[in-house]
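Me: I have a structure open and would like to talk it through. Can you take my questions one at a time?

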Amino acid sequence: MAELQKAEIVGTPALDGQYIGEMDIWPFEAPEFNRIYPFYDNLRAGKFTTTKCKKCGHITFPPQVICPKCWSDELEWVELPQRAKVVTLTETQAGAPLGFEPPLILAWLTFGDKGPLKHLLGRIIHCKEGELKEGDEVKFVTFSVPAHPFEVKKDTKISDRVFYAFELVK
Amino acid sequence: MAQTRNAVIVGGGTSKFGVRQAHLLDMIQEAMRACADDLPGLKPADIDGLIIATTMAGRHSSALNTAPLVVQRLGLSPTSICIRVDTLCAGSNSAIIVAKGLIESGIADVILVTGGEKVYMPQRWETNYTQLAVNDHDWDSAMGLGVPPPFFAMIAKMHMKRYGTTKEQMAHVSVTNYGHGEGHVNGHFAGRTLTMEQALEARIIADPFGLYDCCPLSDGASAVVIASEERAKAMSDRPLVYLRGTGQHATHSMSAGWPGDTLAEWPHLKTAGEVAFKNAKLTPKDIDIAETHDCFTISEIIELEELGFCKKGEGGAFVASGEIGLNGTIPTNTDGGLLVYGHPFGASGARQAIEICKQLQGRAIHQVKDAAFGLTHNLSGTCAQHTVVIYGKEPVK
């Protein structure tokens with residue numbers, strides 16, 4: 001078999017290095033692509049927020065466009081507690097998805113029985129393998145994630161992005 | 001709508017499950033071939049409806065509208081229904097629920113339910129990466145939740161903490177299922193055996209799970225024929241196996257909506273089971289054999305509890321005492337289950353249905369004596385949804 005040039009056998013030439021939105025691991029945060037974009041704006045301001053129903057008072061997470069209890073679309077933004085306790089945890093030793101380098105530490109968090117948010121799966125960052133223990137307190141933290149291009153008529157804009165995780169309170 | 005007639009499962013077959021050198025549509029054809037072998041005389045023209053269950057087809061086989069592709073490859077010409085369904089790991093069990101309703105109501109007479117997945121891609125990273133899209137992508141997946149072991153490892157830790165379940169008890173599930181898998185040549189791990197020592201000394205996948213606590217991801221397909229009682233009698237001389245009752249319950253899509261007090265309680269499964277038992281006019285005591293979703297050893301333990309086969313919290317001791325073996329009170333996963341037969345998501349529910357069909361017809365490889373009532377169960381997503389189907393040698397009266 002004749003030796004092939006590397007350029008002929010690697011990649012998807014038709015895409016020519018294009019950004020592929022359907023393969024993105026982060027949300028489309030720009031207002032052009034979702035109606036809960038204030039959540040991401042609030043993240044940029046260091047706030048952990050969600051939507052509360054003005055009609056029935058129900059607080060839901062993730063934030064929504066309508067209230068899942070009464071289907072009202074009159075919602076307001078409220079802040080969520082930024083500290084939680086680790087109920088149990090798992091440190092991924094193999095099979096972490098591309099984009100999440102090991103140690104990938106995931107914890108089942110509780111915000112207490114009285115809070116609007118009872119359970120949440122949270123990634124714990126800035127933490128060494130073996131450092132996190134059940135019962136530890138963790139706090140909300142934000143960080144930048146890669147931007148992506150999107151088209152607005154004939155222009156290409158860039159959506160800068162942010163996401164959140166938790167870190168150990170020391 | 002008043003029920004006018006009964007739906008029965010007539011027979012079925014699976015392709016070889018495993019890491020396959022085959023396209024999704026190749027494997028669906030293999031499953032159809034195996035189904036035809038199980039039902040001599042069955043012809044393409046006998047089938048008036050098709051339901052194909054798949055999750056990965058859109059992404060991994062570039063086959064978003066899958067049903068017409070299957071029609072072409074199987075030589076079908078459906079006139080009553082031709083759809084794809086996707087409930088991830090419960091795909092073909094969901095399809096069987098739909099088929100039951102369509103047949104009982106008279107909309108369809110003979111439906112082929114097939115399910116299949118091509119999981120493995122030219123490069124392995126892509127399989128794990130796609131798993132980000134089967135959870136609630138923008139929330140739990142953005143935390144790095146991809147393949148299921150980390151989530152179920154936390155479930156196991158909670159069950160061990162709250163109920164004293166041990167790694168040895170979990171190993172009883174995998175060792176039992178490996179015994180049951182013996183002779184199932186199409187299984188992912190066909191021909192392999194497992195001892196207690198091997199199970200307990202296996203490399204760790206996600207603490208507390210060793211390799212044998214986790215089912216594989218498999219390529220593969222399965223196919224079953226669901227028909228009206230009248231058409232089934234014309235098609236086969238075997239005893240009729242009726243679809244008696246079904247239940248499907250979903251409560252959430254991501255972690256914040258988890259319905260249990262802790263990860264060790266699955267109230268949504270309890271509800272799905274109660275609905276299915278009520279519809280089937282049966283209780284857990286009536287069931288002779290169960291095919292439950294043993295994606296992990298701990299899953300089978302919790303499922304036996306929530307379905308009412310043992311008391312809550314006693315699942316570990318229950319499986320260790322031999323109750324899930326062929327002579328136990330509830331022989332479970334008698335074809336090896338997901339742990340040994342493998343798990344091509346959309347194909348698993350129909351694979352379970354085939355085993356129940358053969359058990360109730362008295363022709364299973366590991367036959368449970370006088371089996372008259374059987375149950376299948378799938379969970380799907382990160383334990384977000386539960387699907388239960390109950391079969392019997394007699395219809396609901």
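Reply: One definition to begin with: two strands count as paired if DSSP finds at least two bridges between them. Also, this is a predicted model.

Me: What do E7(A) and E8(A) form, and how many residues are between them?
Reply: E7(A) and E8(A) form a hairpin, with two residues between them. A:Lys153 is in that turn.

Me: What is phi of A:Lys153?
Reply: Phi of A:Lys153 is near 55°, which is positive, and the residue is not a glycine. Most residues other than glycine have a negative phi.

Me: Is A:Lys153 buried or exposed?
Reply: A:Lys153 counts as exposed because it has 4 C-beta neighbours inside 10 Å, and the cut-off for exposed is 12 or fewer.

Me: Which residue of chain B has a positive phi although it is not a glycine?
Reply: B:Ser62 does, with a phi of about 45°. B:Ser62 sits in the loop between helix H2 (57-60) and helix H3 (66-74) of chain B. B:Ser62 is exposed, because 8 other C-beta atoms lie within 10 Å.

Me: Changing topic: peptide bonds. Which bond from A:Phe61 is cis?
Reply: The one from A:Phe61 to A:Pro62, where omega is near 5°. A:Pro62 belongs to the loop between strand E2 (59-60) and strand E3 (75-79) of chain A. A:Pro102 and A:Pro103 are also joined by a cis peptide bond, with omega about 0°. For A:Pro103, the place is the loop between strand E4 (83-92) and strand E5 (104-110) of chain A. Most peptide bonds are trans.

Me: Now the two chains. How many residues of chain A are in contact with chain B?
Reply: 26 residues of chain A are in contact with 28 residues of chain B. On the chain A side, E4, E5, strand E6 (119-124) and E8 each supply at least two residues. E6(A) gives the largest share, five residues.

Me: How do the residues of that side of chain A divide into nonpolar, polar and charged?
Reply: The side of chain A that touches chain B has 18 nonpolar residues, seven polar and one charged.

Me: What about chain B itself, how is it divided?
Reply: Chain B is divided into domain 1 (7-123 + 219-235) and domain 2 (144-214 + 246-392). The centres of these two domains of chain B, taken over C-alpha atoms, are separated by 23 Å. In chain B, 35 residues of domain 1 are in contact with 28 residues of domain 2.

Me: Which element gives the most to the side of domain 1 of chain B that touches domain 2?
Reply: H4(B) does, with seven residues. That side of domain 1 of chain B divides into 13 nonpolar, 18 polar and four charged residues.

Me: Last one: what does the model score for ipTM and pTM?
Reply: The model scores ipTM 0.94 and pTM 0.96. Chain B averages a pLDDT of 97, and 99% of the residues score at least 70.

How values were computed:
Residues numbered from 1 in each chain as written. Chains lettered and ligands numbered in written order. Predicted model: local features only at pLDDT ≥ 70, side-chain atom pairs only at ≥ 80, totals over all residues. Helix = DSSP H or I, 4+ residues; strand = E, 2+ residues; numbered from the N terminus. Buried ≥ 20, exposed ≤ 12 C-beta atoms within 10 Å, placed from the backbone. Contact = placed C-beta atoms within 7 Å. Nonpolar A, V, L, I, M, F, W, Y, C, P; charged D, E, K, R; others polar. pLDDT = per-residue confidence, 0-100. Domains from an automatic or database assignment.
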